[in-house]
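Q: Please take me through this model, starting with its pocket and then one of its strands.
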Amino acid sequence: MNFLTIGHRGVMGVEPENTLRSFVAAQQAGLDLIELDLHLSKDGALVVMHDAEVDRTTDGTGPIAEKTLAELRALDAGRGERVPVFEEVLDAVKAPLQAEIKDVAAARALAEVMHKRDLVSRVEVSSFHDEAIAEIARLVPGVRTALIAGRYGPDVVDRALEAGATTVCLNIRRLTLEVVEQARKADLRIIGWVVNTQDHLRLVRALQLDGATTDYPEIKRTGRFTA
């Protein structure tokens with residue numbers, strides 16, 4: 001299997017995260033996959049933002065769930081960018097996507113879009129939450145799913161299998177050979193995040209991971225991810 005380079009929220013190291021500008025830059029940099037985050041607005045739109053609140057990445061304040069799409073659109077998400085909805089990202093770039101969902105409600109909304117636009121082959125769905133992965137798998141037969149974990153042990157493999165995930169996306173700072181070996185025995189694909197330093201790149205290679213999520217497009221361009 002080819003080694004995958006995944007753009008974290010686009011290329012958040014150089015562009016405003018989770019914006020169309022960031023996603024286009026990731027595609028232009030040649031990254032294999034683009035990762036993004038989804039939340040539901042007050043009126044049910046699938047908006048692209050990492051946090052549950054708008055405070056960190058826009059000039060607004062408050063929870064996404066308490067704002068309508070029109071209210072979210074009025075915010076500046078960085079360098080004049082607007083908060084996009086998922087459908088806009090689908091149209092703005094052609095690259096495969098890894099969509100992170102935060103809960104079961106988002107899974108249901110995403111499932112509707114995936115059916116409507118026939119996205120099973122293009123979109124992999126990821127989450128920290130086992131129940132969200134199980135729900136999207138139930139609603140969208142054949143969807144590829146990934147369990148994300150920040151703090152974990154070898155039990156993350158059992159969790160992934162129980163949720164029906166085929167990939168584990170694991171915090172590179174906590175990754176051990178034991179976890180890698182357990183994942184390999186279970187035939188799971190392993191992605192490391194967030195890989196921004198030479199030390200982490202060397203670890204990714206030493207552990208023979210299937211891919212890495214990065215904030216910086218130059219890693220791909222300079223060939224640091226190649227053997």
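A: In what follows, Ala, Val, Leu, Ile, Met, Phe, Trp, Tyr, Cys and Pro count as nonpolar, Asp, Glu, Lys and Arg as charged, and the others, Gly among them, as polar. The model is predicted, with local features needing pLDDT of at least 70 and side-chain atom pairs pLDDT 80 or more, while totals for chains, interfaces and linings use all residues. Residues are numbered from 1 along each chain as its sequence is written, and side-chain values use heavy atoms, without hydrogens and water.

Q: What classes of residue line the largest pocket?
A: Five nonpolar, four polar and four charged residues form the lining of the largest pocket (open points on a 1 Å grid over the protein atoms alone, where a 1.4 Å probe fits, with protein on both sides within 12 Å along at least five of seven lines; lining atoms lie within 4 Å of a point).

Q: Which of them lie nearest its centre?
A: Of the 13 lining residues, His8, Glu35, Glu100, Ile148 and Trp193 lie nearest the centre of the largest pocket. Strands E2 (33-40) and E4 (97-101) are the elements that each give two or more residues to this lining (strands are DSSP E runs of at least two residues, helices H or I runs of at least four).

Q: Changing topic, which strands pair with E8?
A: Strand E7 (residues 167-171) pairs with E8 in the parallel sense over five bridges, and strand E9 (residues 211-214) runs parallel to E8 with two bridges (pairing takes at least two DSSP bridges).

Q: Which residue stands opposite Ile191?
A: Cys169 stands opposite Ile191 in E8, while Gly192 has Ala212 in E9 as its bridge partner.

Q: Is E8 mostly covered or exposed?
A: Mostly covered: four of the five residues in E8 (residues 189-193) are buried (under 20% relative accessible area, 1.4 Å probe, protein chains only).

Conventions. Buried means under 20% relative accessible area, exposed over 50%, partly exposed in between (1.4 Å probe, protein chains only).
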